[in-house]
Amino acid sequence: MKTFCGRANPCTGSVDWVEESEEYDYHQEIARSCYADMLHDHDRNVKYYQGIRAAVARVKARGERVVVLDIGTGTGLLSMMAVTCGADFCYAVEVFNPMAEAAQIIVEKNGCSDKIKIINKHSTDVTVGADGDMQEKANVLITELFDTELIGEGALPSYEHAHQHLVQAGCEAVPHRATVYAQLVESELLWSWNQLQPMEVGGIQLLPPPAVSHCAGAHSVCDIQLSQVSPGSFTPLGPLCTMFSVDFSKPVSSALQSHSSQFEAQADGRGQVVVSWWDLDMDPSRSIVCSMAPSWTYQQPVTAPWRDHWMQSVYFLPAERRVTAGEQLSLTVCHDDYSLWFSLQPHGYFKKNDPSRAPPTRPCCTCQAHLVWTRPRFGELNDRRRTKSYVSALQSILSEDSVCLSVSDGSLLPVFACVLGARKVFSLENSRMSQQVITQVLETNSMRGDVKLLELRPDQLSRSDLKGEQVSVLIGEPYFSTSLLPWHSLFFWYCRTALAGLLKPGAAILPCSASLHLVAVEFQDLWRIRAPCGICEGFNVTPMDEMVQRSLDFRETREAEPHPLWEYPCRALSESAAVMTFDFTQCVPQQPISSQGLLPLLRMGRCHGVALWMEYQLTSDITVSGGLIGPISEQGSCEWSPHRKQGVYFLRSPWESSGDGRAAVTYSFTFEPSVGDIKMDFSISSE
């Protein structure tokens, strides 16, 4: 069955009504899932296998029949491990229907269906009894309900319910225990993702609004591949602290809790950020440990297991605090049933029966900036080199008679234009909240009213909104909150076209053009998220591979997907190339723009696909890149912009490059102006 769905078009800004199958959404969920990443996580799989084997052995040693409850079974892998280790029966619970169907096929294919029952329900809906989903309560509880924050996928409520209704008292659990660790650090880099910093514009220092500086910020965790953040970019102010542990073999509570760890400050500095990760003890004796620690905590970083389904967490303190070496401090973590938050106090700060010294409530943004700007966006606004490029470009085109119009979301460019002497400055903002944030910036810097903020779409703007003025300078970063892929910022081009009648003849456009670039790459690890698994720890999981491939082929057969490549190291196997150019000084053309060519593979390696990004030509001699920000090294090392996601197009099968240039990536691009999309196709050609 098909139905018409309204989908926002990030390039054109319009709502497109398209005919979609009712299965479209879950096919997209499967296609973009991380099931393959988990199955390729050999360290995780082996540790679970060892823990399950030990748990089954302990139950058998007591002379009991082994009945397993596996919550969040996915492919059924952990249940099949349990059966192989001697479990008498497994109840495998999976709420996602397509995955439950795949699990049923997989357990049958591996000859385990007589001992595994797939239950397609949420675990809190599972019943026990003669007519229930389970005939009896389990004495072994196996789960994989964790995310980067440990509890963000509802692990605590699921465990709480399971202990109350689904498992026996004193059951074995795999994992047996989870422990959360945290460390207080000072980091200009990480703090720049949370607070707007002062910036120099035309010899004048722009200050952040006090409401932003004093705001506790967004409460959500910042989950990243912390291994890619160099230890040189932060200063530890204290030791790694053990914050709390959860014993999954005993009843678990999802109620609000707090835990504190006392320590002595190791260095002078500003307490700003808490970095955190956790580990899993697969058995009670802590002899089988699966750790999420970043690679730089290992004596040999290359031995650290890579995983994308579990990363590390960065938490920003509600306010930075001056710390003195030798000072006695208390780091406190609070958690509810789904999230964690941290605070820093002097040792002994919390006292019993003193409500004024109660653990802090979950932080929330009161300044609105943390709701308008994402963490990468904060980092982008604080990037001094980037700011200098835009200021230099504006200085080259602005005059004291300029009438400037800015089109970007939550941008500081109109503030820059005002500081640099434009006669009048207007700015189109996409939301009332965004307007209020920019207004705070203007008021803080005694510029209230100097920029006219308009909550209008470009096609709604009229000459009267501009007080009868003609626009002599149109500017944009461009940045739009609706953009997912790099070329979605071409929305600026559509805005420029809609505004053509309001532009003065010969008006300056910044950026004047944009270009789409690509490079063939070999990923160090990211390839795992799209690679078929086949055989996993001795079990055939090809039905899952086939399910994912069917979903990838469902409609958007081979699309690029967004990834922040600074977190995912790769080697360039070709030179980078500009494959399409978009001239913003002209309106969007009526006819398609096409480009075809070859990208020779000049380095040895396994080509997993191509990386794509946009570069913006602000002026004839100033360019800002949303992708590579430095030259490719002789070995192929790449340095990527940390502020924007790049596009990644995975080849259906990787190609072994000999590096002699005889093999090449064949590419084809077509920009369809009427639909605001870039269709692309890639293949490998060889002599």
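Predicted model: local features only at pLDDT ≥ 70, side-chain atom pairs only at ≥ 80, totals over all residues.
E320 is partly exposed, at 37% relative accessibility. Residues are numbered from 1 along each chain as its sequence is written, and side-chain values use heavy atoms, with hydrogens and water left out.

E320 forms a salt bridge with R270, with 3.7 Å between the closest N and O atoms. The pair links distant parts of the chain, 50 residues apart: E320 sits in strand β17 (residues 312–323) and R270 in strand β15 (residues 269–281). R270 is partly exposed too, with a relative accessible area of 28%. A salt bridge here is a side-chain nitrogen of Lys or Arg within 4 Å of a carboxyl oxygen of Asp or Glu. Helices (H or I, at least four residues) and strands (E, at least two) are DSSP runs, numbered from the N terminus.

## Strands around β17

β15 and β17 run antiparallel and are joined by seven bridges. Within that pairing, V273 has F316 of β17 as its bridge partner. Strand β11 (residues 222–224) also pairs with β17 in the antiparallel sense, over three bridges. Two strands count as paired if DSSP finds at least two bridges between them.

## Other salt bridges

The structure holds 34 salt bridges. One of them joins the side chains of E477 and R377, at 2.6 Å from N to O. E477 lies in the loop between β23 (471–475) and α14 (491–498), and R377 lies in helix α10 (residues 375–381), so the pair ties together parts that are 100 residues apart in sequence. Both E477 and R377 are buried. These two belong to a salt-bridge network that also includes E380, R386 and R644.

R662 and D660 form another salt bridge, with the closest N and O atoms 3.8 Å apart. R662 is exposed, with a relative accessible area of 55%. D660 is partly exposed, at 44%.

## Cavities

A search of the whole structure finds four cavities of 30 Å³ or more. On a 1 Å grid over the protein atoms alone, a cavity is a set of points where a 1.4 Å probe fits but cannot get out; lining residues have an atom within 4 Å of a point. Grid points are joined across faces, edges and corners, and a volume is the space filled by probe spheres set on the points.

The largest cavity has a volume of about 100 Å³. It is lined by 13 residues, and the closest to its centre are A218, H219, Y315, F316 and P363. β17 and β19 (340–346) are the elements that give two or more residues to this lining. The largest share, three residues, comes from β19. By class, the lining of the largest cavity has nine nonpolar, three polar and one charged residue. Ala, Val, Leu, Ile, Met, Phe, Trp, Tyr, Cys and Pro count as nonpolar, Asp, Glu, Lys and Arg as charged, and the others, Gly among them, as polar.

The second largest cavity holds about 70 Å³ of space. Its lining includes E380, R386 and E477, which are linked in the salt-bridge network described above. Also in the lining are L381, T387, Y390, S411, L412, L413 and F416. α10, α11 (384–397) and α12 (413–419) each supply at least two of the lining residues. α11 gives the most, with three. The classes are five nonpolar, two polar and three charged.

## Helix α5

Helix α5 (residues 97–109) has 13 residues and reaches 18 Å from its first C-alpha to its last, close to the 18 Å expected at 1.5 Å a residue. That expected span is 1.5 Å times one less than the number of residues. The buried residues of α5 are P98, M99, A100, A102, A103, I106 and V107. G111 follows the helix, with a positive phi near 70°.

## H608

H608 lies in strand β32 (residues 604–619). H608 is buried, at 9% relative accessibility. The C-alpha atoms of H608 and W296 are separated by 26 Å, and the two residues are 312 apart along the chain.

Key
Buried < 20%, exposed > 50% of the residue type's maximum accessible area, 1.4 Å probe, protein only. 1 Å grid on protein atoms, 1.4 Å probe; cavity = no way out; pocket = protein on both sides within 12 Å on 5 of 7 lines; lining within 4 Å.
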